[in-house]
Amino acid sequence: IFVGSEPHWWPVNGTLFHDPVSGAWFAFVSVYPRGYFGQPGADIRVIREKRPGDWEDLGLVFGDNVAPFVRVGDKRGASTDGSVVYDNGRYHLLYGWANAANERGGLGYAWAERPEGPYRCAPLPVDDDAGRKPILGRYVRAYASTLIRREHDWLILHMMSTPGNAGGTWGLFCMTAPNAGGPCSEPTPLVLPQSDVFHPPLAEF
């Protein structure tokens with residue numbers, strides 16, 4: 001349903017969203033330059049199904065309209081892995097972010113009045129790994145999140161990895177928040193190689 005192209009050759013981690021208002025299906029597809037990092041920054045493309053099997057590209061979610069913590073001077077980082085939930089007349093978007101040097105990152109929040117956007121970025125991140133003490137001695141970077149509306153709060157299921165998402169080990173974690181845009185609890189480990197718990201994996205996890 002989507003193929004990468006210059007300058008974003010690598011489409012990764014698409015999430016499906018069924019709009020309860022219009023009845024249309026949307027997909028939010030992370031688009032990265034080859035090799036994941038480098039210029040231009042990674043973003044999210046919105047695509048919509050016009051009819052079964054026929055999808056149209058509606059463009060970038062953010063483009064130049066990135067959150068202030070994603071940009072350092074004229075260097076823009078990544079805003080990817082979007083997960084959308086409709087609640088109370090708004091479309092709530094949770095996404096992963098990193099600055100251009102990939103020295104800081106975490107989760108960000110934006111909202112819109114239509115699933116196509118435009119999305120308005122919160123000025124502060126939902127999660128920022130700057131200065132985070134490694135959990136279990138290794139887990140620092142939160143990314144690839146799924147936002148879930150519950151009866152009395154919001155649940156965030158997310159991946160977590162080593163600093164800069166350098167890899168080596170990955171785990172499934174969760175956070176809770178009173179509102180879609182936070183503030184969030186500290187990440188709690190659910191399933192990871194260092195535990196004896198098994199659960200069928202979600203998405204990239």
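Trp10 is partly exposed, with a relative accessible area of 32%; buried means under 20% relative accessible area, exposed over 50%, and partly exposed in between (1.4 Å probe, protein chains only). The model is predicted, so local features need pLDDT of at least 70 and side-chain atom pairs count only at pLDDT 80 or more, while totals for chains, interfaces and linings use all residues. Residues are numbered from 1 along each chain as its sequence is written, and side-chain values use heavy atoms, with hydrogens and water left out.

**Trp10 and its surroundings**

- Trp10 is found in strand S1; strands (E, at least two residues) are DSSP runs, numbered from the N terminus.
- Together with Trp9 and Tyr36, Trp10 makes a nonpolar surface patch of about 290 Å².
- Patches are made of residues with over 30% relative accessible area and no salt bridge, where like charges are joined within 9 Å and nonpolar side chains (Val, Leu, Ile, Met, Phe, Trp, Tyr) within 5 Å.
- Accessible areas come from the Shrake-Rupley method with a 1.4 Å probe, and for residues only the protein chains shown count as cover.

**The sheet that contains S1**

- Strands of a sheet pair through backbone hydrogen bonds, either parallel or antiparallel.
- An open sheet of 4 strands has the order S1-S2-S3-S4, with antiparallel pairing; two strands pair if DSSP finds at least two bridges between them.
- Its edge strands, S1 (10-18) and S4 (54-60), each pair on one side only.
- On average, neighbouring strands of this sheet are turned by 25 degrees against each other, direction ignored; axes are lines fitted to C-alpha atoms, and angles run from 0 to 180 degrees between N-to-C directions.
- S1 and strand S2 (residues 25-32) run antiparallel and are joined by 7 bridges.
- Leu16 stands opposite Ala27 in S2.

**An enclosed strand, S14**

- Strand S14 (residues 171-177) is largely enclosed by the rest of the structure, because 6 of its 7 residues are buried.
- S14 pairs in the antiparallel sense with strand S13 (residues 154-161) over 7 bridges, and Trp154 has Ala177 in S14 as its bridge partner.
- S14 also pairs in the antiparallel sense with strand S15 (residues 188-191), over 3 bridges; the bridge partner of Cys174 in S15 is Thr188.

**A buried loop residue, Pro115**

- Pro115 is found in the loop between strand S9 (105-112) and strand S10 (120-121), and counts as buried at 4% relative accessibility.
- Leaving aside neighbours within four places in sequence, Pro115 is in contact (heavy atoms within 4.5 Å) with Phe17, Asp19, Phe26, Phe28, Val46 and Tyr91.
- Pro115 and Tyr91 are 24 residues apart in sequence, and their C-alpha atoms are 6.1 Å apart in space.

**Salt bridges**

- Side chains of opposite charge can pair when their charged atoms come close.
- A salt bridge is a side-chain nitrogen of Lys or Arg within 4 Å of a carboxyl oxygen of Asp or Glu, and the count by this rule comes to 11.
- Asp43 and Arg76 meet in a salt bridge of 2.9 Å, N to O.
- This pair links distant parts of the chain, 33 residues apart: Asp43 lies in strand S3 (residues 43-51) and Arg76 in strand S6 (residues 75-76).
- Asp43 counts as buried at 0% relative accessibility, and Arg76 is buried with a relative accessible area of 12%.
- In the salt bridge of Asp54 with Arg51, the closest N and O atoms are 2.4 Å apart; Asp54 is partly exposed, at 25%, as is Arg51, at 49%.
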